[in-house]
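Open your viewer and have the selection tool ready. This tour goes stop by stop.

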Amino acid sequence: MHGEYKVPGGKLVAVDLEVRDGVLADVVVSGDFFLEPDEALDVLGPSLDGLPEDSTPARLAQAVTDGLAAAESAGRIAGPVSMVGFDARAVALAVRRALGYSTAWSDHTFELIHPGPMSPAVNAALDQVLTAELAAGRRGPTLRFWEWVEPAVIIGSFQSLRNEVDLEAAQRYGITVVRRISGGGAMFMEAGNCITFSLVVPASLVDAMTFEESYAFLNQWVLGALADVGVQAFVTGLNDIASPAGKLAGSAQKRMVGGAVLHHVTMSYDIDADKMLEVLRIGREKLSDKGTTSANKRVDPVRSQTQLPREAVIEAFAAHFRARYDVVDGALTDDELAQAHELVRTKFADDAWTARVP
C-alpha cells in the first residue's frame with residue numbers, strides 16, 4: 001500500500017507499507033523533506049510496525065515521536081532530531097492515506113454547479129441537502145456557486161439574532177435574515193455585491209486535520225483563484241481570507257454524521273459598507289483583535305482590486321478549480337430542490353430556527 005501527503009507550505013511525505021493480520025508491517029517512509037541526523041530515517045518506518053491498521057492519526061504520530069525519542073535515548077541516533085518540512089503528524093496522514101482512511105483531492109471527481117438565482121433561504125437549505133446527500137452516498141463532492149436577488153443577512157448557526165442584526169434596519173431595507181447550519185459570523189449579502197460558494201466534500205479529505213487546518217486546507221484553491229485575478233491573498237485567523245489591503249472573505253464549516261463536510265465561503269465583491277453598518281451590530285469587542293475600530297475598513301472588496309465584473313471573477317474561480325482538480329459540470333436534481341423547498345418551509349423560513357438564539 002502506498003500513500004502520500006503534501007504538507008501545506010512544506011514537503012511531501014510518502015509511505016509504503018503492508019498489513020498483516022490487522023497490523024502494520026514493513027513500513028517505509030520517504031519524501032523530499034529534510035531530516036537530521038540521517039540515521040533517523042531508519043527509525044521512522046519501524047516505529048509504526050505492529051500498530052493496528054485502524055490506529056488513529058494521534059496514535060500513529062505519537063508512535064513516530066516515541067520511536068525517535070527511544071532511538072535517541074538508546075544512542076542509536078545522535079540527537080536532537082530535526083524534521084524540516086514535515087512532522088510526525090504528516091507521517092501519520094500519509095499512513096492513513098495508504099490505508100484508505102484519508103483521501104487526497106486527486107482521489108475525487110467534483111461536480112460544479114452554478115444554478116440561477118434562488119432565495120437566500122433556499123440557498124441555505126441547499127447547503128444542508130447537498131451535505132446530507134453526500135453523507136448518504138447519493139451525491140459526490142460538489143462545488144456550488146450561489147446566486148440570489150433579494151438582499152439578505154446570513155447569520156451563523158450559533159449567533160444571537162438580536163445581538164447581530166438590527167431588525168428594524170433590516171426591515172427598512174427589505175433584507176431577509178436567514179440562519180445557516182454552519183457556525184461563524186454574520187454575512188451581509190446583496191445581489192451582485194458578494195461571491196458566495198459552498199464546497200461539500202467527504203470527511204476523508206480532511207481526515208485527522210484540526211478545524212484550523214481544514215479551513216486553511218480547503219481554502220488553498222481559493223487563494224490560487226484570487227491570484228489568477230491579480231489578488232495576492234492569504235489565510236488569516238481561523239477562517240478569514242485577506243489581502244494586504246484588508247479582509248476579503250469569511251468561511252464557515254459544518255461536519256455531518258455520516259462523513260460529509262460543508263465548507264462555505266462568502267467573499268465581498270462590492271459591498272455597501274455604510275448599509276452593512278446600519279444592519280449588522282458589529283461591536284468594538286469583535287473588532288478589537290482586527291487592528292481597526294471601523295467595520296467598513298475591515299472589508300476590501302474584490303472589485304476594487306481586480307476591476308473585473310463579478311461574473312468574470314466567478315468564471316475565473318471556476319476555471320481555476322477545473323484546472324486544479326477533476327471536475328465535471330453538474331446540476332441540482334428535482335429531488336434535491338424539493339428537499340430544499342421543504343426545508344425552507346419547515347426550518348429556514350421558520351422563526352423557531354431563525355431565532356433559535358434570540
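Helices (H or I, at least four residues) and strands (E, at least two) are DSSP runs, numbered from the N terminus. This is a predicted model: local features need pLDDT of at least 70, side-chain atom pairs count only at pLDDT 80 or more, and totals for chains, interfaces and linings use all residues. Residues are numbered from 1 along each chain as its sequence is written, and side-chain values use heavy atoms, with hydrogens and water left out.

Start with Pro37. It sits in the loop between strand E4 (34-36) and helix H1 (41-44). Look at its bond to Glu36: the peptide is cis, with omega about -5°.

Next, select Asp21, in the loop between strand E2 (12-20) and strand E3 (23-31). Its phi is near 55°, a positive value in a residue other than glycine. Is Asp21 buried or exposed? Asp21 is exposed, at 83% relative accessible area. Here buried means under 20% relative accessible area, exposed over 50%, and partly exposed in between (1.4 Å probe, protein chains only).

Jump to Gln307, between helix H11 (302-306) and helix H12 (310-324). Its phi, near 60°, is positive too. Gln307 is exposed, with 63% relative accessibility.

Now go to the largest nonpolar core, which has 70 residues. A nonpolar core is a set of buried Ala, Val, Leu, Ile, Met, Phe, Trp, Tyr and Cys residues joined through side-chain atoms within 4.5 Å. Select Leu48, Trp105, Trp221 and Phe317, which touch the most other members. Then colour helix H3 (residues 88-99): it gives the most to this core, nine residues. Apart from this core lies another, of 28 residues, including Trp146 and Leu332.
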